[in-house]
Every structure is written in C-alpha cells, then in structure tokens.
Amino acid sequence: PILTAFLLCSDAMVELEDVVTKNDKGEEKTTREWVGTGNMTERALVVGARKLGIERTKLASAYTEVVQNPFSSKRKMMSIIAEIKEKKTNSDAPGVGIFGSYIGDQSAFVCVTKGAPNRIIERATRMVKEGKVVEMTEADKEYALAK
C-alpha cells in the first residue's frame, strides 16, 4: 500500500523511450533508454513500484484525483484526495483496506499526503497498527519522531 500511496501523490515519471545519438562520424544510433522526469528520489520509487507490478496506469483505472494541495515550503507537504472508482473488496483494489472503505452505496475517498515526517506526524490522528486503523496517541507520535 505504501507504493500505491506514493504513486497517487507523485508526478514523477520513468518511461522507456527511443533516444537518437550521433557518433563522431555523424552516424545516428537509436537506443532504448529509461528517461525520467521529476525528483530523483521519486523516480527511484516509481521504478521500485513498477518492479513490484504497481503501475500508474492501473491506479488510474482504480482512482480519480479529485483535488490536489501542492507542496509549499510553509506547509512542507503536499496532499491529494482521490475517489476510489469502483466498489471492491479489500483484496481487489490497491489500498482500499488501508486507505478507505465504502459505507453502503456511498463513494470512498482517500487522502494521501507526503512531506516532512515531523509535519505529517504532528497532524496525524490515526495509524495502522497490527493491520488495524487505531487512534495515534502522543506516545505513538513521540516514538515515531524518535526513530
């Protein structure tokens, strides 16, 4: 689920493209190379997600971004809210069990935030512990910030 959350909250891309280069004689050579855009760390996470079979194209069929709060130096984080497109069981949609769930026929939404760990932990109210969402106590926050 963490790489799913990351991809939902990132614009970094890494794609295989044809790259044309010329040698000393002016002869062109075409090779297939990985070309990326965005932050280098985020590119590495995109590659890691892809190696685990998590593709942005698959996520696009499961989630629709509703709103984005872009990164700012004051807030030190960025967030998106996405709607989970289809009702699915926890095992069918990436992240449904962790990120959101349906209540009757209502839509499910997920908010994903990335940024400075201390800023995120300060604002956190819940966490996943032993597979369940529980209240995050001050002791939990102190423990997380100390690690």
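The exercises below work through the fold, pockets and salt bridges of a predicted model.

**Exercise 1. Fold and surface**

Task: State how many helices and strands the protein has, and give the order in which they run from the N terminus.

Solution: 
- Step 1. The protein contains 6 helices and 7 strands.
- Step 2. Read from the N terminus, the elements follow the order α-β-β-α-α-β-β-α-β-α-β-β-α.
- Step 3. Of the 147 residues, 26% are buried.
- Step 4. Among contacts between residues at least 6 apart in sequence, 50% join residues at least 24 apart.

**Exercise 2. The largest pocket**

Task: Describe the largest pocket by volume, and find which residues lie nearest its centre.

Solution: 
- Step 1. The volume of the largest pocket is about 1400 Å³.
- Step 2. Its lining consists of 37 residues, and those nearest the centre are I2, C111, V112, T113 and I120.
- Step 3. Two or more lining residues come from each of α1 (2-8), α2 (40-51), α4 (96-99), β5 (108-115), α5 (117-123), β6 (126-129) and α6 (138-146).
- Step 4. Strand β5 gives the largest share of this lining, with 7 residues.
- Step 5. Sorted by class, the lining of the largest pocket holds 24 nonpolar, 6 polar and 7 charged residues.

**Exercise 3. The second largest pocket**

Task: Identify the residues that line the second largest pocket and the elements that give two or more residues to its lining.

Solution: 
- Step 1. This second pocket has a volume of about 160 Å³.
- Step 2. The lining is made by L7, L8, S10, D11, R56, L59, A60, Y63, T64, E65, I80 and A82.
- Step 3. The elements giving two or more of the lining residues are α1, α3 (56-62), β3 (63-72) and β4 (77-84).
- Step 4. By class, the lining of the second largest pocket comprises 7 nonpolar, 2 polar and 3 charged residues.

**Exercise 4. A salt bridge between helix and strand**

Task: Locate E42 and K114 in the chain, and decide whether E42 is buried or exposed.

Solution: 
- Step 1. E42 and K114 form a salt bridge with an N to O distance of 2.4 Å.
- Step 2. E42 belongs to helix α2 and K114 to strand β5, so the bridge ties together parts 72 residues apart in sequence.
- Step 3. E42 has a relative accessibility of 17% and therefore counts as buried, the cut-off being under 20%.
- Step 4. K114 has a relative accessible area of 23%, so K114 is partly exposed.

**Exercise 5. The other salt bridges**

Solution: 
- Step 1. The count of salt bridges is 6.
- Step 2. R32 sits in strand β2 (residues 28-37) and D18 in strand β1 (residues 13-22), 14 residues apart.
- Step 3. R32 has a relative accessible area of 51% and is therefore exposed, since the cut-off is over 50%.
- Step 4. E55 and R50 form a further salt bridge at 3.4 Å, N to O.
- Step 5. E55 is partly exposed at 25% relative accessibility, and R50 is partly exposed at 24%.

Terms used. Residues are numbered from 1 along each chain as its sequence is written. This is a predicted model: local features need pLDDT of at least 70, side-chain atom pairs count only at pLDDT 80 or more; totals for chains, interfaces and linings use all residues. Side-chain values use heavy atoms; hydrogens and water are left out. Helices (H or I, at least four residues) and strands (E, at least two) are DSSP runs, numbered from the N terminus. Buried means under 20% relative accessible area, exposed over 50%, partly exposed in between (1.4 Å probe, protein chains only). Contact means heavy atoms within 4.5 Å. On a 1 Å grid over the protein atoms alone, a cavity is a set of points where a 1.4 Å probe fits but cannot get out, and a pocket is an open set with protein on both sides within 12 Å along at least five of seven lines; lining residues have an atom within 4 Å of a point. Grid points are joined across faces, edges and corners, and a volume is the space filled by probe spheres set on the points. Ala, Val, Leu, Ile, Met, Phe, Trp, Tyr, Cys and Pro count as nonpolar, Asp, Glu, Lys and Arg as charged, and the others, Gly among them, as polar. A salt bridge is a side-chain nitrogen of Lys or Arg within 4 Å of a carboxyl oxygen of Asp or Glu.
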